[in-house]
Amino acid sequence: MSRFLIICLLLSNLFTNEILASSVAPQSDVPQLDEPYIEIGYKSVGEALKECETLNQRELKLPIKLPPMEFTHYLGRCVNDKENYYDEIQIEYLHESQGKNHYKIDVRPIEQKLVFGKSKRAGGKYKFKDGSEALYFTTKSPKDRGGFNTLVFEKNGWQYRLAVDSRIGNHVTADVLFGIAESVK
């Protein structure tokens, strides 16, 4: 008898949880998106990804790893250039109260890739297991107000640019960015 009662309680609990879960409104993956971002075309990362895949008629894989820091906002937009030269998805990970917690992923079709030549900003090359390479460099904004540490690589017909605010460069190193790049399958 006690076994029957336990099974009934478990089933009752399962059905109750299912009913409660279906009555709760789904959460957006863009928490508290500010109006200025919406005005310039930002939306959920999922929506932007689907839009860019449809635009480019091919699948786009994003890294499954993130930098080891906290973000409060994550949003994306699909840029569709009418001249078909600057199409890309732009994804931003931000923290509401910590401006230095800023991570960006920009991905464009390989046919529209940007060329990064050798410069004094170059920080090194990394080699993937398949033999392809990634270029790491740092940009600084005027008056040394920051910039980005960037890793650029090509995979699956896309050019990826992963970038973090240079103020957290000691926390999110080139090796960390390369580890994130390796998570693109």
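1. A contact, as the word is used in this note, means heavy atoms within 4.5 Å. The structure is a predicted model, in which local features need pLDDT of at least 70 and side-chain atom pairs count only at pLDDT 80 or more, while totals for chains, interfaces and linings use all residues. Residues are numbered from 1 along each chain as its sequence is written, and side-chain values use heavy atoms, with hydrogens and water left out.

2. On confidence, pLDDT is the predictor's confidence in each residue, from 0 to 100, and its mean over the chain is 81, with 76% of the residues reaching 70 or more. Helix H1 (residues 2-23) has the lowest mean pLDDT among the elements of the chain, at 37, whereas strand S7 has the highest, at 97. Over residues 1-31 the pLDDT stays under 50, and for this stretch the model has 12 contacts beyond four places in sequence.

3. On the overall layout, the secondary structure of the chain comes to four helices and seven strands, where helices (H or I, at least four residues) and strands (E, at least two) are DSSP runs, numbered from the N terminus. Read along the sequence, these elements follow the pattern α-α-α-β-β-β-β-β-β-β-α. Of the 185 residues of the chain, 39% count as buried, a term that stands for under 20% relative accessible area, with exposed meaning over 50% and partly exposed in between (1.4 Å probe, protein chains only).

4. Two strands pair if DSSP finds at least two bridges between them, and S7 is joined to strand S3 (residues 102-109) by seven bridges, the two running antiparallel. In that pairing, Ile105 stands opposite Leu162 in S7. Strand S6 (residues 147-155) also runs antiparallel to S7, and eight bridges join the two, with Val152 standing opposite Arg161 in S7. S6 and S7 form a hairpin with two residues between them, and Asn156, which lies in the turn, has a positive phi of about 55 degrees.

5. On the disulfide, the rule applied is a pair of cysteine sulfur atoms within 2.5 Å, and by this rule the count comes to one. The pair is Cys52 and Cys78, whose sulfur atoms are 2.2 Å apart. The torsion about their S-S bond is about 115 degrees, so the disulfide is right-handed. Because Cys52 lies in helix H3 (residues 45-56) and Cys78 in strand S1, the pair ties together parts that are 26 residues apart in sequence. Cys52 counts as buried at 1% relative accessibility, and Cys78 is buried too, with a relative accessible area of 12%.

6. Strand S1 (residues 73-79) also holds His73, which is buried, with a relative accessible area of 6%. A polar contact of 2.8 Å joins the side chains of His73 and Thr72; the term covers a pair of N or O atoms within 3.5 Å, where within protein one must be able to donate a hydrogen and the other to accept it, and residues adjacent in sequence count only if both atoms are side-chain atoms.

7. On charged pairs, a search of the whole structure finds 10 salt bridges, each being a side-chain nitrogen of Lys or Arg within 4 Å of a carboxyl oxygen of Asp or Glu. Glu133 meets Lys125 in one of them (3.7 Å, N to O) and Lys127 in another (3.9 Å, N to O). Glu133 is partly exposed, with a relative accessible area of 40%, whereas Lys125 is exposed at 57% and Lys127 counts as exposed at 54% relative accessibility. The side chains of Arg167 and Asp165 also meet in a salt bridge (2.8 Å, N to O), and here Asp165 is buried, with a relative accessible area of 7%. Elsewhere, salt bridges that share partners join Glu88, Asp106, Arg108 and Arg161 into one network.
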